[in-house]
Amino acid sequence: MSSSTPASVPAVASGPIADAAPVSLCAREPRVPADRLVAEMVPPPRFDSVRFSTYIPDPKQPSQTEAVGVLEGFAAGLGGAHAAGSAKRGFFGFGRAKSPRTPAGPRGVYLDGGYGVGKTHLLASLWHATPAEPALKAFGTFVELTNLVGALGFQQTVQTLSGHRLLCIDEFELDDPGDTVLVSSLLGKLVEAGVALAATSNTLPGKLGEGRFAAADFLREIQGLSAHFRALRIDGEDYRHRGLPEAPAPYSDEQVTKAAYANEGASLDDFPGLLEHLAKVHPSRYGALTDGLKAVCLTDVGPVPDQSTALRLVVLADRLYDREVPVLASGLPFDRLFSEEMLNGGYRKKYFRAISRLTALARDARHLVETG
């Protein structure tokens, strides 16, 4: 059977049958125009409805409650006129006439904490709470921002984003020196244009407290921009596992295939074939790769063979998580995708995030078997 062709229709004892066979991700080769990259710089579907009021602070972690209050005030302070052209007179407002609509203090915030403490929820809530029309606010991951620069070019990206009130960058890639310099240069230009900034980041490998806090690394990597950021430390455990049961065990190939045919909008691929296909699609297109999907069904999940493949899978996991697409799988459980060498290497923070997110999506997929 070709890796891009779903399995033959299984015998189904009960449950509805989709009008058409499942789609195959391996059969998709999306092309994404540059204007779509710009238009899609908004919080992902998973975070469409999040607000500060829907963030549930852990009562054992007062830093979470404090962060909400600080960010609410930061958002309210961004309601004034755009500061473009005012940077020469001082980014913080020095040398300008005082205005009640001009925020005081740093107009950049950095959310510092481990994965799963709700940093993206808070970052998206900041975007939603900022009193400006969506076209004047941008939200994207570090990878999506570098993809935008690649599509538009550096100068055009500066021009495109300079008129914005706020730029939110999720998962700033501290482990990619080249792209870090590129994005730091971009942020410098946007600071000059008066754009407010907000960011989260990944933790550099080999650091004390790795997997928890990265403020010192972040502020060092963005070099001269550090004075524009206030770091907000957010303590806590991974909320995706807080009080939740362990991830469900993988299902059988037959169960996964049956569910794919019984649930409209599901895809069906064998895992090794999907990994091969991801190498042929630029990661900037992984979001488009999942367009219209209501579920992803994978058979024969096994260890990821190498680091390049693993990093592509991380990006796909992020896009699926953002879009709340459940993942039903057979084979190995998701916590065994990456080798011990990978989990102890320089990109382990990304791999742990992928495991956490795929585990959450596996829980979300249980109803596919129950209804299928």
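This is a predicted model: local features need pLDDT of at least 70, side-chain atom pairs count only at pLDDT 80 or more; totals for chains, interfaces and linings use all residues.
**View 1. Strands β1 and β5 run parallel to each other.**
Strand β1 covers residues 108-112 and is joined to β5 by five bridges. In general, the strands of a sheet pair through backbone hydrogen bonds, in a parallel or an antiparallel manner.

**View 2. Five strands make an open sheet with parallel pairing.**
The strand order is β2-β3-β4-β1-β5. The edges are taken by β2 (137-141) and β5 (229-233). Each of these has a single partner strand, so one side of β2 and one side of β5 lack a neighbour in the sheet. From one strand to the next, the twist averages 15°.

**View 3. Helix α4 lies across β2 and β3.**
The helix spans residues 142-152, and β3 spans 166-172. Relative to β2, helix α4 runs at about 110°.

**View 4. F142 and F172 form a tilted aromatic pair.**
Two aromatic pairs are found in a search of the whole structure. In the pair shown here, the ring centres of F142 and F172 are 4.8 Å apart. Their planes stand at 55°, so the pair counts as tilted. F142 sits in helix α4 and F172 in strand β3, and 30 residues separate them, so that distant parts of the chain are linked. F142 is buried, at 1% relative accessibility. F172 is buried as well, at 0% relative accessibility.

**View 5. F338 and Y351 form a stacked aromatic pair.**
The ring centres of F338 and Y351 are 4.6 Å apart, with 20° between the planes. F338 is in the loop between β8 (327-331) and α12 (340-343), whereas Y351 is in helix α13. The pair therefore ties together parts that are 13 residues apart in sequence. F338 has a relative accessible area of 4% and is buried. Y351 is also buried, at 0% relative accessibility.

**View 6. Helix α13 is mostly covered.**
The helix runs over residues 348-364, which makes 17 residues. Of these 17 residues, 15 are buried. From the first C-alpha of α13 to the last is 24 Å, close to the 24 Å expected at 1.5 Å a residue.

**View 7. F338 is among the residues with the most contacts inside the largest nonpolar core.**
This core has 63 residues, and L122, L126 and L337 are also among those with the most contacts inside it. Helix α11 (residues 307-322) gives the most to this core, with eight residues. Leaving out residues up to four places away in sequence, F338 touches V304, A310, L313, L343, Y351, A354 and I355. Another core, of 30 residues, lies apart from the largest one and includes A138, I169, A193 and A199.

**View 8. A second open sheet consists of three strands with parallel pairing.**
Its strand order is β6-β7-β8. β6 (266-270) and β8 stand at the edges, each with a single partner strand, so one side of each has no neighbour in the sheet. Here the twist averages 15° from one strand to the next. Five bridges pair β6 with strand β7 (residues 295-301) in the parallel sense. V296 in β7 is the bridge partner of S267.

Methods. Residues are numbered from 1 along each chain as its sequence is written. Side-chain values use heavy atoms; hydrogens and water are left out. A nonpolar core is a set of buried Ala, Val, Leu, Ile, Met, Phe, Trp, Tyr and Cys residues joined through side-chain atoms within 4.5 Å. Buried means under 20% relative accessible area, exposed over 50%, partly exposed in between (1.4 Å probe, protein chains only). Helices (H or I, at least four residues) and strands (E, at least two) are DSSP runs, numbered from the N terminus. Contact means heavy atoms within 4.5 Å. The expected span of a helix is 1.5 Å times one less than its number of residues. Two strands pair if DSSP finds at least two bridges between them. Axes are lines fitted to C-alpha atoms, for helices over the stretch in contact, and angles run from 0 to 180 degrees between N-to-C directions. Rings of Phe, Tyr and Trp (its six-membered ring) pair if their centres lie within 6.5 Å; planes under 30 degrees apart count as stacked, over 60 as edge-to-face and the rest as tilted.
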